[in-house]
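Colleague: I would like a close look at a single part of this model, the ligand and its surroundings. Please take it in one connected account.

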Amino acid sequence: MIDLTTEYAGLRLKNPIVVASSGLTRNLRTIKELEAAGAAAVVLKSLFEEQIEAEMSQIMSPTDYPEAADYINAYVQSNEISKHLDFLREVKQEVSIPVIASINCFRSDSWVDFAKQFEDAGANALEINVMRLDTDLFYDANKTEQMYVNIVSSLVRAVKIPVTVKLSKAFSNIPSIVDKLRAAGAKGVVLFNRSYQPDIDIEKVQMVAGNVFSHAGEISDTIRYAGIVSALVPGISIASSTGVHDAAGVIKCILAGAHATQMCTALYKEGPGFVAETLAAVEGWMDRKGYRSVSEFRGYLSAGGIKSATMYERMQFMKYFSNKEN
Ligand SMILES: Cc1cc2nc3c(=O)[nH]c(=O)nc-3n(C[C@H](O)[C@H](O)[C@H](O)COP(=O)(O)O)c2cc1C
């Protein structure tokens with residue numbers, strides 16, 4: 001009997017496949033289909049900081065940024081928090097897998113008290129997705145890191161459920177920020193968020209949105225940092241995200257050290273039933289390799305056995321280029 005169970009951020013999961021926050025998880029019918037196909041947990045579609053703040057205090061006066069205020073007010077009217085909380089309660093009633101609430105924020109921690117409402121509505125954990133691209137030449141990057149830490153510290157004080165952070169790759173030292181988040185009380189990190197991808201239409205000569213879906217090759221950094229972070233920051237769970245498109249992707253992330261994986265693009269493309277197919281293929285691989293449980297191979301290929309993660313990375317780099325003609 002193969003044991004697919006794993007522990008992520010203090011949640012006991014029946015297997016390592018979590019459905020990532022997306023349009024898939026804003027629809028109850030799809031969530032139920034995903035559960036039926038075997039998904040171990042779902043991360044609900046994010047609630048945006050702007051929604052929370054606008055509901056709190058109508059902070060943005062129409063004279064500040066008229067266009068943004070119009071947009072946000074319209075958005076808030078149709079997406080107010082109470083609807084989000086009602087949806088969370090409904091999902092909790094209808095499914096038995098863990099439900100993770102997600103907040104997409106970019107600035108302060110002034111909305112953190114709202115997290116308690118997610119907890120009261122039944123969320124099993126919180127995922128904070130800090131979407132921030134600092135471009136001010138004179139803004140100290142340490143302040144950004146401190147802002148992440150402050151948000152986590154405030155959340156941990158506000159709720160008892162596990163707090164996790166979905167990070168972008170835009171940090172100069174990812175293990176270091178993960179360790180700071182761990183010290184602040186975060187129980188898990190999602191590595192990585194896939195932010196908006198800009199592109200340029202050269203015929204229209206204008207900026208356009210790139211593909212919202214990832215491609216399988218994007219798993220490289222996901223594997224790299226599961227390997228490095230799991231070795232250097234053992235006190236925090238990792239959910240690998242971006243480019244996990246199939247059973248091989250799930251297995252690679254776990255071998256590198258992830259506790260769980262989050263899937264999105266593959267489920268949009270293949271449908272909810274793809275979870276079952278992926279799980280069957282993971283089991284098939286475990287059977288062939290003689291593994292009886294996920295814990296037996298988790299981290300087998302992390303940077304753990306090597307003294308320095310920098311040297312681990314350097315070794316992979318040297319192997320790579322010594323195999324090429326240049
Ligand atoms: C249509 C769509 C909507 C998404 N919405 C959210 C969201 O609300 N919050 C969030 O944290 N991530 C969101 N994501 C990002 C996914 O959760 C995921 O991190 C990203 O797609 C990378 O995973 P993948 O390679 O499996 O697609 C969205 C992705 C897609 C494709």
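Where does the ligand sit?

Modeller: This is a predicted model, in which local features need pLDDT of at least 70 and side-chain atom pairs count only at pLDDT 80 or more, while totals for chains, interfaces and linings use all residues. Residues are numbered from 1 along each chain as its sequence is written, and side-chain values use heavy atoms, with hydrogens and water left out.

The ligand sits in the largest pocket (more than half of its atoms lie within 2 Å of the pocket's grid points). A pocket here is an open set of points on a 1 Å grid over the protein atoms alone, where a 1.4 Å probe fits, with protein on both sides within 12 Å along at least five of seven lines; lining residues have an atom within 4 Å of a point. The space in this pocket is about 710 Å³, a volume being what is filled by probe spheres set on the points, which are joined across faces, edges and corners.

Its lining has 33 residues, and S21, N193, R194, V212 and C264 lie nearest the centre. β13 (260-263) and α10 (265-270) are the elements that give two or more residues to this lining; strands are DSSP runs of E with at least two residues, helices runs of H or I with at least four.

Around the ligand are 19 residues, the closest being S21, S46, N129, S214 and T265 (a heavy atom within 4 Å). Polar contacts are pairs of N or O atoms within 3.5 Å. A polar side-chain atom of S214 is 2.5 Å from a ligand oxygen atom, a backbone N or O atom of S21 is 2.6 Å from one, and a polar backbone atom of G243 is 2.8 Å from one. The protein buries 89% of the 610 Å² that the ligand exposes when taken alone (Shrake-Rupley method, 1.4 Å probe).

Notes: Polar contact = N/O pair within 3.5 Å; in protein donor to acceptor, adjacent residues only side chain to side chain.
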